Amino acid sequence: MRKNEIKEALAFILLFILVVLFFYGFLLLAVVLIAAGLLIFLGFYIYIRLKLWWAKRHPPKELERPEDYF
């Protein structure tokens, strides 16, 4: 009976280790995906803000005379 109990305990420990690895693997994947989403969102936000700032600081040129078109 002693060998059977050791095998059961070893199987339980291995199963527990697998469950913990799967849990933390999915948790790590979720953290990585959230971080990537935040970086993409921040990148687009900064891009839009810089584009609006550039348009405000550099308005389009007023074309008045024919030589302005060439």
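The radius of gyration is taken here over C-alpha atoms. I start with that term, and I note that the model is predicted.

**Entry 1: overall shape**

I looked up the radius of gyration of the protein chain and found 31 Å. I then compared it with a compact globule of 70 residues, which would come near 11 Å. Next I checked the box that the C-alpha atoms fill. Along the principal axes it is roughly 100 × 20 × 5 Å.

**Entry 2: helices and strands**

How many helices and strands are there in the protein chain? I counted 1 helix and 0 strands. The helix is α1, and it covers residues 2–57.

**Entry 3: burial and surface**

I asked what share of the 70 residues is buried. Buried residues make up 1% of the protein chain. The cut-off for buried is under 20% relative accessible area.

**Entry 4: charges**

I listed the charged side chains. The protein chain has 9 positive and 6 negative ones. I then looked up the centres of the two sets, and they lie 11 Å apart.

I picked F12, which sits in helix α1. Is F12 buried or exposed? Its relative accessible area is 56%. Exposed means over 50%, so F12 counts as exposed. I then found F12 in a nonpolar surface patch of about 740 Å².

**Entry 5: K56**

I moved on to K56, which also lies in helix α1. Its relative accessibility is 71%, so K56 is exposed. I checked how far K56 is from L18. The two are 38 residues apart in sequence. In space they are 57 Å apart, C-alpha to C-alpha.

**Entry 6: P66**

Where is P66 found? I located P66 in the segment after α1. P66 counts as exposed because its relative accessibility is 59%.

**Entry 7: recap**

The chain has 1 helix and 0 strands, and its radius of gyration is 31 Å. Buried residues make up 1% of the 70.

How values were computed: Residues numbered from 1 in each chain as written. Predicted model: local features only at pLDDT ≥ 70, side-chain atom pairs only at ≥ 80, totals over all residues. Heavy atoms only, no water. Patch = residues over 30% accessible without salt bridge, like charges linked within 9 Å, V, L, I, M, F, W, Y side chains within 5 Å. Areas by Shrake-Rupley, 256 points an atom, 1.4 Å probe, with all protein chains shown as cover. Salt bridge = Lys/Arg side-chain N within 4 Å of Asp/Glu carboxyl O. Helix = DSSP H or I, 4+ residues; strand = E, 2+ residues; numbered from the N terminus. Buried < 20%, exposed > 50% of the residue type's maximum accessible area, 1.4 Å probe, protein only. Rg over C-alpha atoms; globule rule 2.2 N^0.38 Å. Lys, Arg positive; Asp, Glu negative; His and termini not counted. Charge placed at Lys NZ, Arg CZ, Asp CG, Glu CD.
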